[in-house]
Amino acid sequence: MSGGDAAGRLVRPFTLTGGRTRPDRSDFSLITTVSAVDPPPAWGVRTQPEHARILRLCEKPIAVAELAAHLDLPMSVVTIMLCDLLAADRITVHPPRPVSGTPDMDLLQKVRDGLGRL
Amino acid sequence: MAGSDATVNGTPAQGTSVQGAAARETSAPDTVKILIAGGFGVGKTTMVGSVSEIVPLRTEERLTSAGLGVDDLHGIAEKQATTVALDFGRITIGRDLVLYLFGTPGQQRFWFMWNDLAIGALGAVVLIDVRRPKSSFAAIDFFERRGIPFVIGVNGFHGQHPYTPEEIRDALALPEGTQVLLCDARERESSRDVLIALLDQLIAASAKASAS
């Protein structure tokens, strides 16, 4: 439906993920924040160059969407690699603020005030 | 995310199985997001860029239509997935809170896949181009049906506004109480004011909910 173009461009990135096409975890949303564990655990796992790039980019906390944009890779590919890094204890994951239902007033007021300062 | 039933019924699934990792995390800021929706070429990325502290970034997200019941409506077999480009920007609210703005895909044919994007959003701005308001109908319909709070931003072509908010509200048959704001997506203050109007609406709703 979206044509062959998107599929064609995805072929190469997926070779980075060992052929897997789905993350084993659904914990990585666009605005989930990830941070490299410092120092890395003594028992290293094999890190591909792309894994190493991710670890460098998330030395400071960074949202997954930003990570994907900087890596120029689709979200779906980046999340798979983040799963690997999480499984290897190389990163920590900070989920977004939950806002289902009615978000709390403090949060809304904080965002409102922040926008007011722009 | 992709294919997860837990994410299509409005319940965020994030963070359920990584609580151990999250508990060790100390310095990462909380993140929230607002969607900037509307028809193709209506100025979504322009609005993101005018208020963002970074040049808008682009990423590709895989969206699925799983469990939305669109099969009956459109004769689409099983669930569908597609990859769409998203433009987004960032506003640091404070040391511990960051707001992300996501421009949703303009292509109308993907509207039924926005659920993945809408999960966890505070609300949305639906941008309208007065020269072709119909191109934003799908976005209005989407947020209305799902009860996601939104405001209408009327993006004037070259900043021109030939219609009043009331005229636009009538012409679009918008639900009562929907805020219609005339704006210029190229202007930082103008885009900021649209976002502030959305937050004021959310705050009012939250106050009402906690009072009842």
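In the predicted model, B:L181 makes contacts beyond its neighbours within four places in sequence with B:V151, B:I152, B:G153, B:V154, B:V194 and B:A197. B:L181 belongs to strand β7 of chain B, and, although B:L181 and B:V151 are separated by 30 residues in sequence, their C-alpha atoms are 7.6 Å apart in space. B:L181 is classed as partly exposed because 19 other C-beta atoms lie within 10 Å, where a buried residue would need 20 or more.

One of the partners of B:L181 is B:V194, and B:V194 is itself among the buried residues of helix α7 of chain B, which also include B:S190, B:S191, B:L195, B:L198, B:L199 and B:L202. The cover over these buried residues includes elements of both chains, namely α5 (105-116) of chain A and, from chain B, β1 (30-38), α2 (44-51), β5 (121-129), β6 (150-155) and β7 (180-183). As a general point, an α-helix has 3.6 residues a turn, so residues three or four places apart point the same way.

Elsewhere in chain B, B:Q80 is located in the loop between α3 (70-74) and β3 (81-94). B:Q80 has 19 C-beta neighbours inside 10 Å and is therefore counted as partly exposed. Between B:Q80 and B:A28, which are 52 residues apart along the chain, the C-alpha separation is 34 Å.

Among the contacts in chain A with a separation of 6 or more, 74% are between residues 24 or more positions apart.

The 3 strands of chain A are arranged as an open sheet in the order β2-β1-β3, with antiparallel pairing. Strands β2 and β3 of chain A form the edges, each pairing on one side only. Between β1 (residues 33-36) and β2 (residues 62-63) of chain A, the antiparallel pairing extends over 2 bridges, and A:T33 has A:A63 of β2 as its bridge partner. On the other pairing, β1 of chain A is joined by 4 bridges to β3 (residues 91-94), again in the antiparallel sense. Within this second pairing, A:V34 is bridged to A:V93 of β3, while A:S35 stands opposite A:T92.

Two helices of chain A also meet, with the axes of α2 (residues 49-57) and α4 (residues 75-87) coming within 10 Å and crossing at roughly 80 degrees. The two helices are therefore roughly perpendicular to each other, given that angles of 65 to 115 degrees are assigned to that class. The residues that meet are A:E50, A:H51 and A:I54 on the side of α2 and A:M81, A:L82, A:D84 and A:L85 on the side of α4. Sorted by class, this contact has 4 nonpolar, 1 polar and 2 charged residues.

Several backbone features occur in the loops of chain A. As background, most residues other than glycine have a negative phi, and most peptide bonds are trans. The peptide bond from A:D38 to A:P39, by contrast, is cis, with omega near 0 degrees, and A:P39 is placed in the loop between β1 and α2 of chain A. A:D72, a residue other than glycine, has a positive phi near 55 degrees and lies in the loop between α3 (64-71) and α4 of chain A. A:D72 counts as exposed because it has 10 C-beta neighbours inside 10 Å. A positive phi, of about 60 degrees, is also found for A:D89, which is likewise not a glycine; A:D89 is situated in the loop between α4 and β3 of chain A. With 14 C-beta neighbours inside 10 Å, A:D89 is therefore counted as partly exposed.

How values were computed. Residues numbered from 1 in each chain as written. Chains lettered and ligands numbered in written order. Predicted model: local features only at pLDDT ≥ 70, side-chain atom pairs only at ≥ 80, totals over all residues. Buried ≥ 20, exposed ≤ 12 C-beta atoms within 10 Å, placed from the backbone. Contact = placed C-beta atoms within 7 Å. Pairing = 2+ DSSP bridges. Axes fitted to C-alpha atoms, helices over the stretch in contact; angles between N-to-C directions. Parallel < 35°, antiparallel > 145°, perpendicular 65-115°, else oblique. Nonpolar A, V, L, I, M, F, W, Y, C, P; charged D, E, K, R; others polar.
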